[in-house]
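Please find below some notes on the model, written for a colleague who has the coordinates open and who will want the cut-offs stated.

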Amino acid sequence: MDEQFFHAAVQKVVGNLPSATKSNHRNTLPRKEILRGYSAFAQMYKCGKRFVAPHCVCCAVEQNQLSLSHLPTDIHVIVGFSVSRSIRTAVERNRLKRLMRESYRINKHELNEWCEKENKNIVLLFSFFNLKEITPKKFPFKEVEIEITSLLYQVLNWSKTEKQ
């Protein structure tokens with residue numbers, strides 16, 4: 001079933017790569033939408049529902065299930081990004097976080113619209129793991145975007161089924 005989401009995301013990204021200039025959606029990622037803090041990340045890893053792509057893992061949980069009082073309630077999707085220390089240098093880890101943030105920023109509109117319509121608050125945490133020992137300097141943006149898009153579709157389908 002995970003392969004089905006991955007292939008659908010590949011078709012969407014490869015077939016019709018969205019552009020920040022052509023879209024009707026406001027493709028921004030303000031600071032208040034970004035998850036911060038050690039305790040927030042620890043809770044996400046502990047109680048989040050996991051979705052897997054070849055190099056990325058996404059933990060998702062409804063905001064009311066977390067005991068974090070500092071999270072804003074007026075924002076429907078809050079997102080965090082992390083990269084495993086198996087990526088040796090900070091420069092490479094920061095590059096991968098930038099790529100993940102950018103691909104999320106471009107593709108977040110569908111999940112945000114659904115959460116606003118259903119009045120749900122979701123917290124996401126995207127983590128990059130170097131399980132296949134890739135060279136991070138040569139890891140292209142398109143591959144990161146395909147994985148993030150596939151994870152977003154998995155989260156969207158999960159949140160739709162959680163409603164019932």
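1. The largest nonpolar core has 31 residues, and those with the most contacts inside it are M100, Y104, L124 and F126. A nonpolar core is here a set of buried Ala, Val, Leu, Ile, Met, Phe, Trp, Tyr and Cys residues joined through side-chain atoms within 4.5 Å, where buried means under 20% relative accessible area, exposed means over 50%, and partly exposed is in between (1.4 Å probe, protein chains only). At least two residues of this core are supplied by each of β2, β3, α3 (90-107), α4 (109-118), β4 and α5 (141-162), and the largest share, seven residues, comes from α5. A second, separate core of 13 residues includes F41, C59, V61 and L71.

2. On provenance, this is a predicted model, in which local features need pLDDT of at least 70 and side-chain atom pairs count only at pLDDT 80 or more, while totals for chains, interfaces and linings use all residues. Residues are numbered from 1 along each chain as its sequence is written, and side-chain values use heavy atoms, with hydrogens and water left out.

3. As to the overall layout, the protein chain contains five helices and four strands, arranged along the sequence as α-α-β-β-β-α-α-β-α; helices (H or I, at least four residues) and strands (E, at least two) are DSSP runs, numbered from the N terminus. Of its 164 residues, 48% count as buried. The accessible surface comes to about 9,300 Å², with 50% of it belonging to carbon and sulfur atoms, as computed by the Shrake-Rupley method with a 1.4 Å probe. Taking contact to mean heavy atoms within 4.5 Å, 79% of the contacts between residues at least 6 apart in sequence join residues at least 24 apart.

4. Helix α2 (residues 38-47) has a buried side, with A40, F41 and M44 buried. These three residues lie on the same side of α2 because they cover an arc of only 95° around the axis, the arc being that of the directions from the helix axis to the C-beta atoms. On the other side of α2, Y38 and K46 are exposed. The cover over the buried residues of α2 includes β2 (56-62), β3 (77-83) and β4 (122-128).

5. Helix α3 has 18 residues, which at 1.5 Å a residue should span 26 Å, and the end C-alpha atoms are 26 Å apart, which agrees; the expected span is 1.5 Å times one less than the number of residues. Among the buried residues of α3 are L96, L99, M100, Y104 and I106, and also E92 and R93. In α4, the buried residues are H109, L111, N112, W114 and C115, and what covers them includes β3, α3, β4 and α5.

6. Most residues other than glycine have a negative phi.

7. Aromatic rings of Phe, Tyr and Trp (its six-membered ring) pair if their centres lie within 6.5 Å, with planes under 30 degrees apart counted as stacked, over 60 as edge-to-face and the rest as tilted. The count by this rule comes to five aromatic pairs. The rings of F51 and W158 have centres 5.9 Å apart and planes at 65°, so that pair is edge-to-face; F51 is in strand β1 (residues 49-52) and W158 in helix α5, 107 residues apart, and both are buried. The rings of F128 and F139, with centres 5.4 Å apart and planes at 75°, are likewise edge-to-face, and both residues are buried. Ring pairs also link F81, Y104 and F126 into a cluster.
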